[in-house]
Amino acid sequence: MVGLLVLVGLAILAMPVLLIVALFSLSALKRRVGVLEQRLQELQAAPQARQAPSEAPRAPAPAHAAGPATTTIAAAADAPASVQSDAGADAAAARPAVPPPIPSVPDRPAPPPRRPSTQEMPPQWRQPAPAPRDPEPGVFDIALRAIRRWFTVGNVPVKIGVLVLFAGVAALLKYASDQGLFSLPLELRLAAIAAAALAALAFAWRKRESNRAFALSLQGGAIGVLLLTVFAAFKLHTMLPVELAFGLSIVLVAGAGMLAVLQDARALAVLALLAGFLAPIWLSTGSGNHVALFSYYAILNAAIFAVAWFKSWRVLNLLGFAFTFGIGTLWGAMDYQPHKFASTEPFLLLFFAFYLLIPLLYLRRLPEGRRDFIDGCLVFGTPLVAFSLQAALLEGARMPLAFNALGLGALYAALAWWLLRRMRTGAALRQSYALLAVGFATLAVPLALSARATASVFALEGAALVWLGLRQRRRLPQVSGIALQLLAALAFLAGSGAAADAIANPAFMSALLIALAGLGSAWSYRERRLDLPALLFYLWGLAWWLGNGLHEIGRFVAWDARADAALALIALTGWLAAETHRRRPAAALAATTLLGLAAAVPLALLQSDAHGQPFAGHGAWAWLAYAVLGVRSLICLRASGHRLAAAAQGVWWLVWPFVISLLLLWLCDRQALAEGWRWLAVASPWCVLAAVGLLRWPWLAAPLGERFDGWRPLLLGLYFLVLAVGWPFSLLAAGDSAPLPWLPLLNPLELAQAATLALAAHWLWSGHAPGMLRDLRVVLLSVAGFLLVTSITLHAVHHWGGIAWNEGLLRTSLAQTSLTVVWSALGVMGWVLGSRRGQRTLWLAGAVLMAVVLGKLLLIDRGNLGDVLGIASFIAYGLLCTGVGYLAPAPPRNPGEINA
């Protein structure tokens with residue numbers, strides 16, 4: 001068995017090698033054939049080249065270098081061989097014995113010899129034509145070349161041997177595992193893993209200088225394996241007591257930290273820190289000993305503090321902060337009790353002290369030129385998180401929290417003063433401490449007084465500071481104003497109290513002032529053309545405005561009328577934004593109007609869920625307000641000319657057909673109309689607006705007018721997209737038309753389907769459809785018409801044949817026979833019309849449809865040959881094919897041959 005497995009493995013391994021060798025041989029053979037073909041072409045061209053010298057003139061010798069005899073001999077040599085042989089005797093008899101004297105001619109410089117052209121040169125003088133270049137290699141050739149290089153360059157036996165050895169070892173391991181040869185004791189296996197990890201750690205330590213990256217990676221992996229081994233021995237197999245497992249984890253974490261500091265390896269320090277913080281979690285026994293947990297975390301934070309004394313590793317500080325306060329917060333939320341305050345408060349103060357001092361150490365380690373950079377996460381996050389946890393420990397006691405806030409303000413004021421006296425650099429950290437001092441001192445006021453009474457004061461004061469800071473171009477007042485507005489929001493959320501009257505209550509007015517303060521700050525930044533802070537403040541104020549209104553609706557409006565009130569609020573908000581945009585145009589204001597108009601869609605669904613349809617109850621008044629304010633909003637956007645105005649009007653014309661569809665659906669339910677009427681109710685508003693967009697576009701273009709013309713293709717496309725999404729689903733509906741009887745194409749469902757197809761055809765030929773759809777319009781409409789005819793046929797079988805409308809309908813012989821006859825009739829129509837009009841494409845479409853019907857007969861209808869309907873299918877198809885073969889032969893390929 002083992003031998004068979006090894007042979008199979010070697011055979012599988014050798015197959016790609018043999019394939020590569022075969023491809024290499026095929027490539028070499030291909031090159032040799034190409035060389036032989038080139039040689040053959042050269043040999044075929046050689047006889048023509050040998051005939052050229054007899055016709056080409058020889059270059060004459062220079063006159064001053066040749067005498068008469070030489071000239072005569074050269075002329076004889078240049079004469080054709082046949083002429084010399086025939087006229088040799090006559091030339092000898094006529095030649096005089098002594099040549100006549102040649103008159104003397106004054107010496108003239110001989111003209112330069114004329115360079116003969118390429119056609120006049122003998123073949124042996126001509127330069128050979130350059131050989132054709134080899135074509136650029138393709139992807140397959142490059143890949144083949146790379147594979148061949150791998151198998152031909154380097155130590156090939158070693159490469160193949162490693163592959164074979166790998167396959168053999170894999171087969172051996174599988175066989176040993178199948179035979180149960182690895183059933184070693186669990187302790188021995190864990191000890192072997194730990195020993196291997198220790199060996200790897202020692203080897204990595206030896207390679208720390210020669211190969212640093214490899215050594216650090218191996219050290220991290222080895223420590224991780226050791227930690228996982230301790231975890232498995234304790235948690236999974238209960239082989240170690242908790243004290244020993246915890247002690248080993250501490251040793252490993254400490255060792256990793258020491259290795260990180262000694263080798264200046266930040267990644268190794270991060271690994272040690274993560275393992276250290278996670279060790280109590282994965283080694284937890286559920287005892288709930290928070291003193292031991294926080295004592296261990298205190299040791300870890302002391303180590304982080306010690307590392308920060310020597311290294312400016314910011315990521316280590318952030319991880320320690322996140323894990324310490326994050327796990328502490330989770331413990332407090334799940335397990336804190338008031339009697340544990342005395343044993344918890346010292347740890348909170350200790351952790352606060354650690355992360356209060358670490359930014360100072362981080363600043364000390366930075367070079368002189370970078371000391372304006374501060375660790376904002378720790379500088380601002382530490383007091384905020386610690387103060388929040390302190391509030392949770394004190395369970396919201398106001399006066400102790402006020403004293404804590406005053407104490408923090410004094411502490412940060414002292415730190416700012418100390419930095420000013422001792423360190424001339426680090427202005428950013430000094431200003432941050434001063435800001436925190438002012439913030440906590442300010443926070444003490446609402447803690448000692450009523451929360452919601454001071455929220456509005458803080459908010460207005462913050463808006464005033466923002467305005468003053470922008471006016472004086474000073475950053476500190478702006479930051480203080482922002483902080484005050486945030487504190488006002490927190491103070492409002494911390495307050496409580498029931499209101500007796502709607503709107504006229506302190507809670508509503510306080511939240512309204514916070515919203516107005518945020519919007520006022522947004523206006524101030526907008527005046528200075530600072531777009532980002534203006535946008536943030538605008539979103540802040542808008543959130544408070546809407547949240548306050550919706551909260552008031554939820555408290556004082558009945559549940560079935562809340563959607564109506566929310567619609568009125570949204571319409572009012574969009575109108576106010578549009579009016580403001582008309583005076584001071586801004587993209588955020590136009591977007592608010594746009595979103596306010598679009599929000600009517602989900603609110604209409606909520607209205608339908610509450611009282612059946614959007615216009616019931618107070619919905620009619622809400623939609624009247626939406627219509628009036630919406631038209632006014634569009635007019636305001638038209639005056640500004642913003643690009644979002646057209647988008648808002650497009651959304652406007654998408655909301656109304658949706659709402660009217662919901663109303664018509666409710667009317668169908670109210671009158672107990674059948675399913676076909678429901679589909680007509682859904683489709684008719686979209687079809688009407690699509691028809692208006694195609695035939696009477698100015699009606700939809702108002703109030704923007706010509707500015708909305710660019711949206712005509714998109715709006716029509718969205719209308720037909722909605723119809724196209726619903727149209728296929730309507731084909732699957734039963735289409736009952738009660739209380740009217742069902743008639744083909746004269747029932748509500750199919751009237752809606754046909755109207756949709758007619759409008760789509762008009763749209764595709766109108767020039768407003770996308771170019772890709774216009775190119776495919778014949779195909780799309782042909783497929784849609786075929787589906788509609790098929791649907792009508794099946795509906796006729798359902799309604800007239802009395803067969804249930806379910807998946808079993810298609811398995812009946814009546815349905816299959818009906819489809820065969822109808823599809824055959826369509827195919828015959830395509831054949832006949834294509835032949836009579838000379839349209840070969842139409843003729844081919846009919847032929848393809850008839851081929852489909854033939855396949856249907858052979859695969860499906862063949863099982864129905866035992867009844868009359870199945871036989872009728874075959875007979876009808878045969879007759880139609882026979883008749884069309886006589887009436888509609890294939891049209892010629894050339895349209896000019898039609899009348900020939």
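**Close-up views of a predicted helical chain**

**View 1. The buried side of helix α31.** In helix α31, the buried residues are Ala 784, Leu 788, Thr 790, Ser 791, Ile 792, Thr 793, Leu 794, His 795, Ala 796, Val 797 and His 798. Here buried means under 20% relative accessible area, exposed means over 50%, and partly exposed lies in between (1.4 Å probe, protein chains only). Helices (H or I, at least four residues) and strands (E, at least two) are DSSP runs, numbered from the N terminus. This is a predicted model, in which local features need pLDDT of at least 70 and side-chain atom pairs count only at pLDDT 80 or more, while totals for chains, interfaces and linings use all residues. Residues are numbered from 1 along each chain as its sequence is written, and side-chain values use heavy atoms, with hydrogens and water left out. The packing partners of the buried α31 residues are α28 (712–731), α29 (748–764) and α32 (813–837). With 25 residues, α31 reaches 35 Å from its first C-alpha to its last, close to the 36 Å expected at 1.5 Å a residue; the expected span is 1.5 Å times one less than the number of residues. Just after α31 comes Gly 802, with a positive phi of about 70 degrees.

View 2. Met 772, Leu 776, Val 779, Leu 780, Val 783 and Leu 787 make a nonpolar surface patch of about 540 Å². To join such a patch, residues need over 30% relative accessible area and no salt bridge, and nonpolar side chains (Val, Leu, Ile, Met, Phe, Trp, Tyr) are joined within 5 Å. A salt bridge puts a side-chain nitrogen of Lys or Arg within 4 Å of a carboxyl oxygen of Asp or Glu. Areas come from the Shrake-Rupley method with a 1.4 Å probe. Helix α31 (residues 777–801) gives the largest share of the patch, four residues. Val 783 is found in this helix, and its relative accessible area of 45% makes it partly exposed.

**View 3. The largest nonpolar core and helix α25.** This core has 50 residues, and Trp 623, Tyr 626, Trp 653, Leu 700, Tyr 719 and Phe 720 touch the most other members. Its largest share, eleven residues, comes from α25. A nonpolar core is a set of buried Ala, Val, Leu, Ile, Met, Phe, Trp, Tyr and Cys residues joined through side-chain atoms within 4.5 Å. Not counting residues up to four places away in sequence, Phe 720 touches Ala 690, Leu 694, Leu 759, Ala 760 and Trp 763; contact means heavy atoms within 4.5 Å. Helix α25 (residues 644–670) has 27 residues that should span 39 Å at 1.5 Å a residue, and its end C-alpha atoms agree at 39 Å apart. Just after α25, Ala 672 takes a positive phi of about 55 degrees.

**View 4. Ser 480 in helix α18.** Look for Ser 480 in helix α18 (residues 475–494). Ser 480 counts as buried because its relative accessibility is 17%. Leaving aside residues up to four places away in sequence, Ser 480 touches Leu 435 and Leu 465.

**View 5. Ala 196 in helix α7.** Ala 196 sits in helix α7 (residues 186–206) and, at 48% relative accessibility, counts as partly exposed. Ala 196 and Leu 226 are 30 residues apart along the chain, and their C-alpha atoms are separated by 9.5 Å.

Technical notes. Patches are made of residues with over 30% relative accessible area and no salt bridge: like charges are joined within 9 Å, nonpolar side chains (Val, Leu, Ile, Met, Phe, Trp, Tyr) within 5 Å.
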